[in-house]
Amino acid sequence: MRTAPTEQPSTQRTDRAPHAAAPLSALGQVPWGDIRDATGSAAGIPPLLRSMARGDAETARAALKELRGRICQYGFVVEQATAPTVPFLWELARTPQVTCRPQIIQLLRNIADARQWESVAAVYPKLLNHRENPVVWERRARQAVRARSGALRELLAEQDGEINRVTAELADALAE
């Protein structure tokens, strides 16, 4: 099994909004079938991200709920696919036509706050000796959220009060 890539799958600048012409265009650069999410192969993540990008409000929320269960549930980064998914979450959070943007930003905050595996490893250090190390997944996922934090200013400048509120919460989490 391959380890999830740590580099960012998108080459777009982090201080500007994504290009409207090609949302999620970098999805094919991630070897989704070779990495895992909570259900097994992470190959199901791109269709969920596309549903979030293009679906009506109900479809987008359902896709986000399923995605959350695959990458970060109950405050745990559950598998290696979380970090490669984060840049796409940032892209969707910055795309005005996406209907579930506040919930996406909340998911980014949950990922930024995730330290449960580190806490478990502090009590059970043998966890760090496993080939599939969830502490590494958790750290990579948090790093991926931080890597795109330049978008916070843009999101805070929006006129939507809910987006401002959840973005401020994310900014606070990243400041800690």
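Ala43 counts as partly exposed, at 42% relative accessibility; on this scale buried means under 20% relative accessible area, exposed means over 50%, and partly exposed is what lies in between, using a 1.4 Å probe and protein chains only. You'll find Ala43 in the loop between β2 (40–41) and α1. Leaving aside neighbours within four places in sequence, Ala43 is in contact with Trp32 and Gly33, where contact means heavy atoms within 4.5 Å. Ala43 and Ala81 are 38 residues apart along the chain, and their C-alpha atoms are separated by 9.7 Å.

A quick word on what you're looking at: this is a predicted model, so local features need pLDDT of at least 70 and side-chain atom pairs count only at pLDDT 80 or more, while totals for chains, interfaces and linings use all residues. Residues are numbered from 1 along each chain as its sequence is written, and side-chain values use heavy atoms, with hydrogens and water left out.

Now step back to the whole chain. Its secondary structure comes to eight helices and four strands, with helices (H or I, at least four residues) and strands (E, at least two) taken as DSSP runs and numbered from the N terminus. Starting at the N terminus, the order reads β-β-α-α-β-β-α-α-α-α-α-α. Of the chain's 176 residues, 46% count as buried. Among contacts with a separation of 6 or more, 68% come from residues 24 or more positions apart.

The axes of α1 (residues 45–54) and α3 (residues 82–93) come within 11 Å and cross at roughly 10°; axes here are lines fitted to C-alpha atoms, for helices over the stretch in contact, and angles run from 0 to 180 degrees between N-to-C directions. That makes α1 roughly parallel to α3, since angles under 35 degrees count as roughly parallel, over 145 as roughly antiparallel, 65 to 115 as roughly perpendicular and the rest as oblique. On the α1 side, Ile45, Leu49, Met52 and Ala53 make the contact, and α3 brings Thr85, Phe88, Leu89 and Leu92. Sorted by class, that's seven nonpolar residues, one polar and no charged. For the sorting, Ala, Val, Leu, Ile, Met, Phe, Trp, Tyr, Cys and Pro count as nonpolar, Asp, Glu, Lys and Arg as charged, and the others, Gly among them, as polar.

Thr95 counts as buried because its relative accessibility is 8%. Its C-alpha atom is separated by 8.1 Å from that of Ala53, 42 residues apart along the chain.

Next up is α4 (residues 101–113). At 1.5 Å a residue, its 13 residues should span 18 Å, and the end C-alpha atoms are 18 Å apart, so the two agree; the expected span is 1.5 Å times one less than the number of residues. Buried residues in α4 include Arg101, Ile104 and Leu108. Helix α6 (residues 134–147) passes the same sort of check: 14 residues should span 20 Å, and its end C-alpha atoms are 20 Å apart. Among the buried residues of α6 are Trp137, Glu138 and Arg142.

And the cysteines? Cys72 is buried at 2% relative accessibility, and Cys100 is buried at 0%. The structure holds zero disulfides, a disulfide being a pair of cysteine sulfur atoms within 2.5 Å.
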